[in-house]
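Welcome, and please open the model in your viewer. We will go from stop to stop, with something to select at each one.

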Amino acid sequence: MRFQDLHEAFRQQQLTQRLAHSIRHLLNGQTVRFMEVCGGHTAAVLRFGIQALLPDSIQLLSGPGCPVCVTPQVVVRQSLEVADRDDSLLATFGDMMRVPSTDGSLEDARARGASIRVIYSPLDVLDLARENPLKKVVLLAIGFETTAPATAKLLLEAERANVKNLFVLCAHKTMPEAMSWLLEQGQTALDGFICPGHVSTIIGAKPYDLLPREHGVGCAIAGFEPLDILLAIHRLLEQKMSQTPRVDICYSRSVTLKGNVKAQAILNTVLEPCSSIWRGLGLIPNSGLRLRERFSHFDAVRMLHLQTEGYRISDGFEADCRCSEILRGLVRPTECPLFGTRCTPESPVGTCMVSPEGTCQNYYVLGSVSAD
Ligand code: SF4
């Protein structure tokens with residue numbers, strides 16, 4: 001089947017309507033709240049007008065699944081420290097350039113002459129290090145389990161090629177632990193999670209088991225087409241009505257129970273779990289990845305003696321910015337007084353407006369699409 005045909009197959013209007021009808025029937029007048037954790041799902045929900053197909057008693061909330069949004073102020077400041085040094089060069093993805101911090105953004109730093117290169121893949125950093133042998137080239141490594149294997153692969157390649165001037169500022173995070181933490185806080189009342197499709201392609205379905213087991217909250221792993229998302233909602237409702245929370249794979253063309261074992265092996269060779277600060281949420285146990293001791297000579301914080309003290313978890317938030325509540329699914333972007341006025345994608349005040357995966361940017365760019 002051609003790629004385009006595959007898209008069309010999961011957008012068939014007749015099937016979409018039938019599934020929506022079946023959801024209404026299943027709901028039987030109850031009110032439920034499901035969180036789509038991933039920014040890609042928020043975009044799909046808005047782009048395809050999914051909420052309009054559903055009764056108002058199904059509330060879809062956005063979660064913390066945007067890597068740019070949750071990268072903490074301390075990491076932005078360490079990145080600025082690297083970029084401002086004469087002997088160093090920072091490599092980062094484009095989205096990180098506009099993340100606001102109390103010391104300005106990386107874009108501001110580049111405008112005043114700091115050494116920053118935008119990359120498209122972590123492996124680009126290997127060439128960058130070879131082309132700049134007199135510089136310490138540092139990758140700002142952000143993202144979830146989807147991107148972490150590429151960071152690990154980079155370090156295995158650098159080790160094999162004996163590249164000595166390449167380092168990583170490791171800010172990778174893992175999703176299931178953050179989802180569990182959200183429930184533990186008791187602020188976000190949920191009836192189910194629509195689990196991230198890309199992350200699940202790597203980790204498989206198993207790591208989500210703790211959510212039904214420990215919290216009694218069901219999970220459905222979804223793709224990014226309308227039928228994928230509606231099927232996940234249907235499955236979550238079935239779980240809820242039968243009181244049998246579990247993890248359903250509704251994206252079986254990409255996700256298996258065990259996931260991508262090869263990518264997991266690469267990741268686990270280089271990285272290990274650690275506690276991690278999520279911007280807007282705080283310190284979440286076991287929700288991050290750091291370099292294993294054997295790879296500590298690639299660790300930018302250790303080798304470049306970057307500052308780790310003097311930061312507060314609440315740093316980086318302007319008064320009135322409601323990113324922290326948005327990442328917890330407590331409010332919608334339109335409830336922020338800065339939304340669309342002082343805060344826009346061209347001039348973001350909070351991190352949720354910076355990236356196409358950010359909830360606020362999605363509501364700003366696609367909110368009117370779903371309203372049409
Ligand atoms: Fe933060 Fe801007 Fe979203 Fe308000 S609209 S919550 S300031 S990102």
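Start by selecting Phe-144, which counts as buried because its relative accessibility is 7%; buried here means under 20% relative accessible area, exposed over 50% and partly exposed in between, with a 1.4 Å probe and protein chains only. Before we move on, note that this is a predicted model, in which local features need pLDDT of at least 70, side-chain atom pairs count only at pLDDT 80 or more, and totals for chains, interfaces and linings use all residues. Residues are numbered from 1 along each chain as its sequence is written, and side-chain values use heavy atoms, with hydrogens and water left out.

**Stop 1: aromatic pairs**

Rings of Phe, Tyr and Trp (its six-membered ring) pair if their centres lie within 6.5 Å; planes under 30 degrees apart count as stacked, over 60 as edge-to-face and the rest as tilted. By this rule there are four aromatic pairs. Phe-144 sits in the loop between β5 (136-143) and α9 (148-160), while Trp-278 belongs to strand β10 (residues 271-278), so the pair ties together parts that are 134 residues apart in sequence. The helix and strand labels are DSSP runs numbered from the N terminus: helices are H or I with at least four residues, strands are E with at least two. Trp-278 is buried too, at 0% relative accessibility.

Next, select Phe-224 and Tyr-251, an edge-to-face pair with 6.2 Å centre to centre and 85° between the planes. Phe-224 is in the loop between β8 (218-222) and α13 (226-242), and Tyr-251 is in the loop between β9 (247-250) and α14 (261-270), so the pair ties together parts that are 27 residues apart in sequence. Phe-224 is buried, with a relative accessible area of 16%, and Tyr-251 is buried at 9%.

**Stop 2: the sheet**

Switch to a cartoon view and find the open sheet of five strands, in the order β2-β1-β7-β8-β9 with parallel pairing. Two strands pair if DSSP finds at least two bridges between them. At the edges are β2 (58-65) and β9, each pairing on one side only. From one strand to the next, the twist averages 25°.

Now walk across the strands. β1 and β2 pair over six bridges, and Val-32 has Ile-58 as its bridge partner in β2. Strand β1 (residues 32-38) joins β7 over three bridges; here, select Glu-36 and its partner Ile-194. β7 and β8 share four bridges, with Gly-192 partnered by Gly-218.

Which residues of strand β7 (residues 192-195) are buried on each side? Gly-192 and Ile-194 are on one side, Phe-193 and Cys-195 on the other, and both faces are covered.

Helix α3 (residues 39-47) lies across β1, β2, β7 and β8, at about 120° to β1. For such angles, axes are lines fitted to C-alpha atoms, for helices over the stretch in contact, and angles run from 0 to 180 degrees between N-to-C directions.

**Stop 3: Ala-83**

Finally, select Ala-83 in helix α6 (residues 73-84). Ala-83 counts as buried because its relative accessibility is 2%. Beyond its neighbours within four places in sequence, Ala-83 contacts Leu-90, Ala-114, Ser-115 and Ile-116, where contact means heavy atoms within 4.5 Å.
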